[in-house]
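User: Hi! Could you walk me through how the helices in this model are packed?

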Amino acid sequence: AWQSYATSAQLRFVHERVLELLKREQVSKILGDDSSLVVIHIDDQAWIRDDWFPRAAAAGLKVAASKRPYAFFGKRSVANVQSAAPPGVTLRSFDTLIEARSWLVSARC
């Protein structure tokens, strides 16, 4: 769960740890709480799209659900990132974490 603005280093660190968990635990679904995420810098959006997404898909990521950010630019950032999901990876944001978790549990991989 993001607590506020994430620096590039913080954002990339968290994404690298998620990648390690995908590999180590052999999971295909992730749940995130982006409620307090203010924005994702455009360079970090490109990094997620061009670098992290392909590696995450190769590690087995199939489905991700998240709680939608409150901040306008956070919402726009997440929408931009989600629109760049590679084939075979489904990403969705929800108004509540309960909705996100429920959808994730029922999502087929």
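Predicted model: local features only at pLDDT ≥ 70, side-chain atom pairs only at ≥ 80, totals over all residues.

User: Are α1 and α2 roughly parallel or roughly antiparallel to each other?
Analyst: The axes of α1 (residues 8-25) and α2 (residues 42-58) come within 11 Å and cross at roughly 10 degrees. Angles under 35 degrees count as roughly parallel. The two helices are therefore roughly parallel.

User: Which residues of α2 does α1 meet, and how many nonpolar, polar and charged residues does the contact have?
Analyst: From α1, the contact takes in Ser8, Leu11, Arg12, His15, Glu16, Val18, Leu19 and Leu22. Their partners in α2 are Asp43, Asp44, Trp47, Ile48, Trp52, Arg55 and Ala56. By class, the contact has eight nonpolar, two polar and five charged residues.

User: What span should the 18 residues of α1 have?
Analyst: The estimate uses 1.5 Å a residue.

User: Which residues of α1 are buried, and what covers them?
Analyst: Ala9 and Arg24 are exposed on the other side of α1. The buried residues are Leu11, His15, Leu19 and Leu22. They cover an arc of only 75 degrees around the axis, which puts them on the same side of α1. What covers these buried residues includes β1 and α2.

User: What is the phi of Gln26, and is Gln26 buried or exposed?
Analyst: Gln26 follows α1 and is found in the loop between α1 and β1. Its phi is positive, near 50 degrees, in a residue other than glycine. With a relative accessible area of 71%, Gln26 is exposed.

User: What about the next loop: is Asp34 buried or exposed, and what separation do the C-alpha atoms of Asp34 and Arg68 have?
Analyst: Asp34 is found in the loop between β1 and α2. With a relative accessible area of 12%, under the 20% cut-off, Asp34 is buried. Asp34 and Arg68 are 34 residues apart along the chain, and their C-alpha atoms are separated by 5.7 Å.

User: Moving on to α3, what distance does this helix reach from its first C-alpha to its last?
Analyst: Helix α3 (residues 72-83) has twelve residues. At 1.5 Å a residue, 16 Å is expected, and the distance in the model is close to that, at 17 Å.

User: Which elements do the buried residues of α3 pack against?
Analyst: Gly74, Ser77, Val78 and Val81 are the buried residues of α3. Seen down the axis, they fall within an arc of 95 degrees, so they line one face of the helix. The face turned away from that buried side carries the exposed residues Phe72 and Ser83. The buried residues of α3 pack against α2 and β3.

User: And α4: which residues are buried there, and which strands are included in what covers them?
Analyst: Helix α4 (residues 97-106) has Ala100, Trp103 and Leu104 buried. These fall within an arc of 100 degrees when seen down the axis of α4, so they line one face of the helix. On the other side, Ile98, Val105 and Ser106 are exposed. What covers the buried residues of α4 includes β1 (29-33), β2 (63-67) and β3 (90-94).

Terms used:
Residues numbered from 1 in each chain as written. Heavy atoms only, no water. Axes fitted to C-alpha atoms, helices over the stretch in contact; angles between N-to-C directions. Helix = DSSP H or I, 4+ residues; strand = E, 2+ residues; numbered from the N terminus. Parallel < 35°, antiparallel > 145°, perpendicular 65-115°, else oblique. Contact = heavy atoms within 4.5 Å. Nonpolar A, V, L, I, M, F, W, Y, C, P; charged D, E, K, R; others polar. Buried < 20%, exposed > 50% of the residue type's maximum accessible area, 1.4 Å probe, protein only. Arc of directions from axis to C-beta. Expected span 1.5 Å × (residues − 1).
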